[in-house]
Amino acid sequence: ISSKVKLGGLCVLMDKDEEGIEIFRSCIERRTKQLGADHVMTMNLYNNIASSYHGLGKYKESQQTFNDVLGKFVKVLGPEHPNTLSVMLNSALPKQQTGDLDGAMVIYKQCYEICMRTLGEDHALTCIALNSVASVHLLKDEFAEAEVMYDKCLAILATVTETSDPRYLATLNNCGSVKRHLQKMDESLAIWDTVVELRITK
């Protein structure tokens with residue numbers, strides 16, 4: 001089954017999400033028989049399907065699938081398990097994509113608060129949640145709030161990743177955009193110069 005799951009993931013990477021979904025569904029049937037419907041490896045396949053729906057722009061189906069699998073994770077692993085929190089973050093993506101920024105923000109903030117309490121400030125998932133909060137502030141043109149979040153996220157990332165890490169570079173680039181909107185042009189240009197330099201030397 002593992003090889004078929006990898007094949008499904010490869011299809012998704014190649015933008016063949018429909019094929020990936022069909023492969024994931026066939027894997028779910030076999031994993032359900034072997035491990036049960038509530039096994040983490042089975043539930044992860046539903047998460048893959050939800051992500052594939054999102055990639056296809058089928059946000060209603062994506063949202064429903066994310067909500068369903070999140071309920072399973074909460075039931076099996078509990079609401080504060082890292083796997084549950086990861087799915088929780090994913091469940092906000094369709095909301096963000098369809099313009100329900102307030103709905104997405106509620107989920108991101110809740111997830112960030114749980115991550116801070118249970119995993120600590122320096123955990124990768126905490127940083128992802130914080131970055132997600134900042135991204136919604138940016139989309140809502142709340143630049144001062146976004147600046148605070150991005151600066152904090154960069155400080156954390158600098159301690160847990162390399163500066164060449166794509167997450168660091170993406171966050172740094174967004175931070176530059178925020179500072180430009182705040183008319184902090186010198187800071188913005190300095191950040192973008194750093195982004196270009198890091199990408200060249202990567």
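The protein chain exposes about 10,600 Å², of which carbon and sulfur atoms supply 53% (Shrake-Rupley method, 1.4 Å probe; for residues, only the protein chains shown count as cover). The model is predicted: local features need pLDDT of at least 70 and side-chain atom pairs pLDDT 80 or more, whereas totals for chains, interfaces and linings use all residues. Residues are numbered from 1 along each chain as its sequence is written, and side-chain values use heavy atoms, without hydrogens or water.

The protein chain contains 11 helices and zero strands (DSSP runs numbered from the N terminus, H or I of at least four residues for helices and E of at least two for strands). Its C-alpha trace spans about 60 × 35 × 30 Å along the principal axes. Of the 202 residues, 42% are buried (under 20% relative accessible area; exposed is over 50%, partly exposed in between; 1.4 Å probe, protein chains only). Among contacts (heavy atoms within 4.5 Å) with a separation of 6 or more, 48% link residues 24 or more positions apart.

Leu7, Leu10, Leu13 and Met14 form a nonpolar surface patch with about 420 Å² of accessible area together (residues with over 30% relative accessible area and no salt bridge; nonpolar side chains, namely Val, Leu, Ile, Met, Phe, Trp and Tyr, are joined within 5 Å, like charges within 9 Å; a salt bridge places a side-chain nitrogen of Lys or Arg within 4 Å of a carboxyl oxygen of Asp or Glu). Leu10 lies in helix 1 (residues 2–13) and counts as partly exposed because its relative accessibility is 43%.
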